[in-house]
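Visitor: I am new to this structure. Could you walk me through it, one feature at a time?

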Amino acid sequence: MNYLFKNILVLDPYSEINTITDVLLRNNKIEDIKKNISIKQTKNTKIIDGKDKILIPDIVDIYCDLKSPGHEYKDILETELKSALKSGLTTLVCHPNTEPILDEPSLIKNLISISKKEDSVRVAPLAAITKKLEGLQLAEMMELEQGGAVGFSQAENSIQDTSILLKAFEYASTFDFTLFLRANESSLSENTYANESQVATRLGIKGQNKLAEIIEIQKYIELAKLTNAKIHISKLSCRESIGLVKKAKSEKVNITCDVSINNLTLTENDIDNYNTLCHLQPPLRSVKDKTALIQGLKDHTIDAICSDHCPVELDRKQLPFEESEPGSSNFETFISLVFKVANENKIPYSEIIKKISINPANIIKEKYLGMKKNTKATFTIFDKSIIWRPNVADTTSSGKNIAHQYEMNGKVIMTFINGKNKYKYN
Amino acid sequence: MKNNIQIKKGNKLNHLLSIDGLNLEIIQKIFSTADSFLNIEKRDVKKVPLLRGKTVCNLFFENSTRTRTTFEIAAKRLSADVINLNIATSSQSKGESILDTVNNLIAMHSDIFVVRHNQSGAPYFIAKNINPDIKVINAGDGNHEHPTQGLLDTYTISKYKKDFRSLKIAIVGDIKHSRVARSEIAALNILGVPEIRVIAPKTLMPADVENLGVHPYNDLKYGLKGVDVVMMLRLQKERMDKALIPSEHEYFKTYGLNMNILKLAKNDVIVLHPGPMNRGVEIDSTVADSKHALILPQVSYGIAIRMAVMALLMEK
Amino acid sequence: MKKIDLNVLLQNFTDYFKKIYKKDCYAIGIQSGGNLLVNHLKKETKLKECGHINISHHRDDLKISGFQVKEKNTRITKDIDNKTIILIDDVLHTGRTIRAAMNEIFDFGRPKKIILLVLIDRIDRELPINADFAAYKIDSNFKGNINLVESNGKLGLIIEK
């Protein structure tokens, strides 16, 4: 099947096309991108009116949790990949806190081969920095990398012992591996369930002091300076963290960072009435923090936005707040929310799209070719005109725990992988 | 709270989950209803039949004989049947969810659940997830609220001081972990107290406490200057383990209420304590046994307040 | 309905009270109309010690009309065991108020006898209760409200049809 998109807004950060134009896809390859392409309409050609539609090449989600626990490994993974496909997310950077934990090359290879077999969205796994994520012994990083790991992460865990952390930095630096780190000082974040501030105080929920994030980032920056390691900090949540990263970048520290879509769209006020759907990690912070994160997006301190997709069984949310499990199932709302952030904060589409495509691809050292001609392109079509509301019945992901319970403007309607249309809405 | 399931049509009480979210009219109605229950124990028949044929279930996920007993007396004075259930949290956390536990109990056809739980928001969670005919009273949840205690403390104040709108009130102790403090603060704000002070070391002061409508003080002497009422909080022993304060001895020296410090307050100052008191830790015996201390009268007011809450919850 | 002359009713009511009031009697007014009558009797007769009753704890309509505690608490000033209670109310209608008032009285002791005096009897009963004396009777066709009130120290009847 050949496709001709007429007058569609193309946002390609690779070739820096950001205009309304026509796109011709023939034999799964991008044949041409220019205005007024005309071809003979045959049975084999679909012409799609590009009104209200946006074409975005290969969307990369730099933080998601695929869970895939135990023997249900394949089933759950399939479901989540299907959900990502429907959501237009074509590359998933998955963290090693799966069950089993990704600390052996065979597990990495296995995960990659499953996602390849599905001929679906691509999984780019991060391997564990330390064995079993325990923070005690380094995993076999070299072998894991050869197995296909695109970097190394401790997922939600931190390495408490600074001497081991230093070794991880030194070793990663030796081979130019990137360390993906969450800033979450464990003694300050243990047994906390919300931002430590007025809302948590009123509700009597044990709050996490921002210091847990701030001092950890300071530590990472000092270690990176010392070892020259490449680090990526996942899911920043505090105003102060932005300043630290900004300063480090100006001092040429090898540092990048991302922010969860949750922290760009929700605040601590959303946990009122003990709303466990908004029990998230990192916790939702204040309005001030949210404003600072958006500023960080604008001034390029923040390189990427992640979906922070985290499927949790609803039973684990139907509990008193502190007993409930953190996380929100975000694949299916992600692109709508990214555009919402752009619209509400006057961020140019071309800029915000970089945070979910070329920037994260660079962070995992992937070549990003966007809509390069004569390639089998992977891309997503987003329709701005569809208004919808997330609900349990229409959610494909195994996680029905959606924190974002409000009206969405726009929806992914088509996903193309390697030039093939793999998902179509309705 | 934004969506308030505590209040139903006609500004009537639907559940009592927190003072936060109530309004002046409801609190005044609880007080005037409590007035009608004072001195019932002095009658020939020490009961009224308002809740005859109703069942009150004391659902205690956290042990507290004292609190449970006051609810039990209150329910019995209203002629209700009382079921007491102590569910150890340890066995509960192993498997059975709180909702399963509660759903099993609904088969007993209770009309009111009095819930105490170590998790903040647990009574709210139960109220939201059960049959709307069943009313829930929060008897203390985690670090959140203990609304009947807050009501009885302010009710006691109303018996000794004329107008809330001219009072200076200080709450002293572990504000951070105290559900009593949160309920008291919310109630005093609704009743229009112009100056509420909270006094504690920084380790026992919650974040952004000013947002609750109080003025924080770290120094007991400054905090007590010119106050009409001192509301003491009990210091839990386990606070020492987590390095929040060095020792009971040092706490008593810095935040313990003794007669000398109390002199800084108004001459007719009253001192409240939710009990049981740690003499020589948060309060000196000379104060506890003085004319300023209203520790015993609070107990009978507590029963009247709890009767009032139960009676009002049964209104249609 | 014929025009009611309140002064005549009050006079008849007072005369009847004087006739039956003896040493072992104790007068109790029901809030709030009954209380007004008791106060009137205090002025017009030798009556001194009396009680009043708030029936809210014994209401059977909690589920319908809610809880009313605007009035003063029940006050019974002496031991009522073996006393003759003269129970006084402004209007007797369904009988439910009197049922509640009698229950309240029994919470304080065991009187020898209870006599019920009302100013107006609306006849339309829901319980087997009758007044020993009523100064005026309204037939059951009347569906409005009728209440005794006090304003500027003067008693008056409010009739809403």
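Guide: Start with two chains that stay apart. Chain A and chain C do not touch, and their nearest C-alpha atoms are 28 Å apart. Keep in mind that this is a predicted model.

Visitor: Which chains share the most contacts?

Guide: Chains A and B do, out of two pairs of chains in contact. On that interface, 25 residues of chain B are in contact with 18 residues of chain A.

Visitor: Which helices of chain B supply residues to the side that touches chain A?

Guide: Helix 4 (98-106), helix 5 (122-129) and helix 7 of chain B each supply at least two. Helix 5 of chain B gives the most, with three residues. By class, this side of chain B has ten nonpolar, nine polar and six charged residues.

Visitor: Now the helices. How should I read two that pack together?

Guide: Two packed helices are described by the angle between their axes and the distance between the axes. Here, take helix 6 (residues 147-160) and helix 7 (residues 179-190) of chain B. Their axes come within 8 Å and cross at roughly 50 degrees. Helix 6 and helix 7 of chain B are therefore oblique to each other. Their crossing is right-handed.

Visitor: Which residues of helix 6 of chain B meet helix 7 of chain B?

Guide: From helix 6 of chain B come B:Pro147, B:Gln149, B:Gly150, B:Leu151, B:Asp153 and B:Thr154. They meet B:Val180, B:Ser183, B:Glu184, B:Ala186, B:Ala187 and B:Leu188 in helix 7 of chain B. The residues of this contact divide into six nonpolar, four polar and two charged.

Visitor: And sheets? What holds the strands side by side?

Guide: Strands of a sheet pair through backbone hydrogen bonds, either parallel or antiparallel. Chain B has an open sheet of four strands in the order 4-3-5-6, with parallel pairing.

Visitor: Which strands of chain B are the edge strands of that sheet?

Guide: Strand 4 (81-86) and strand 6 (135-141) of chain B are, and each pairs on one side only. Neighbouring strands of this sheet are turned by 15 degrees against each other on average, direction ignored.

Visitor: How many bridges join strand 3 of chain B to strand 4 of chain B?

Guide: Six bridges join strand 3 (residues 55-60) to strand 4 of chain B, and the two run parallel. Find B:Asn58, then look across: B:Asn84 in strand 4 of chain B stands opposite.

Visitor: What is the strand order of the open sheet in chain C?

Guide: The order is 2-1-3-4-5, for five strands with parallel pairing. Strand 2 (50-53) and strand 5 of chain C are the edge strands. Neighbouring strands here are turned by 25 degrees against each other on average, direction ignored.

Visitor: What packs on this sheet?

Guide: Helix 1 (residues 6-20) of chain C does, touching strand 4 and strand 5 of chain C. The direction of helix 1 makes about 170 degrees with that of strand 4 of chain C. Helix 2 (residues 33-44) of chain C lies across strand 1 (25-30), strand 2, strand 3 and strand 4 of chain C. Helix 2 runs at about 120 degrees to strand 3 of chain C.

Visitor: How does the chain cross from strand 3 of chain C to strand 4 of chain C?

Guide: Strand 3 (residues 84-92) and strand 4 (residues 113-121) of chain C pair in the parallel sense over eight bridges. The chain passes between them through helix 4 (residues 96-106) of chain C, and this β-α-β crossover is right-handed. C:Ile88 has C:Leu117 in strand 4 of chain C as its bridge partner. C:Leu117 in turn has C:Phe133 in strand 5 of chain C as a bridge partner.

Visitor: In what sense do strand 6 of chain C and strand 7 of chain C pair?

Guide: Strand 6 (residues 145-151) and strand 7 (residues 154-160) of chain C pair in the antiparallel sense over seven bridges. C:Ile146 stands opposite C:Ile159 in strand 7 of chain C. The two strands form a hairpin with two residues between them. In the turn, C:Asn152 has a positive phi of about 50 degrees.

Definitions and conventions
Residues are numbered from 1 along each chain as its sequence is written. Chains are lettered from A and ligands numbered from 1 in the order in which they are written. This is a predicted model: local features need pLDDT of at least 70, side-chain atom pairs count only at pLDDT 80 or more; totals for chains, interfaces and linings use all residues. Axes are lines fitted to C-alpha atoms, for helices over the stretch in contact, and angles run from 0 to 180 degrees between N-to-C directions. Angles under 35 degrees count as roughly parallel, over 145 as roughly antiparallel, 65 to 115 as roughly perpendicular and the rest as oblique. A crossing is left-handed if the near helix is turned anticlockwise from the far one by less than a right angle, and right-handed if clockwise. Two residues are in contact if their C-beta atoms, placed from the backbone, lie within 7 Å. Ala, Val, Leu, Ile, Met, Phe, Trp, Tyr, Cys and Pro count as nonpolar, Asp, Glu, Lys and Arg as charged, and the others, Gly among them, as polar. Two strands pair if DSSP finds at least two bridges between them. A crossover is right-handed if, with the strands pointing away from the viewer, the path from the first strand over the helix to the second runs clockwise.
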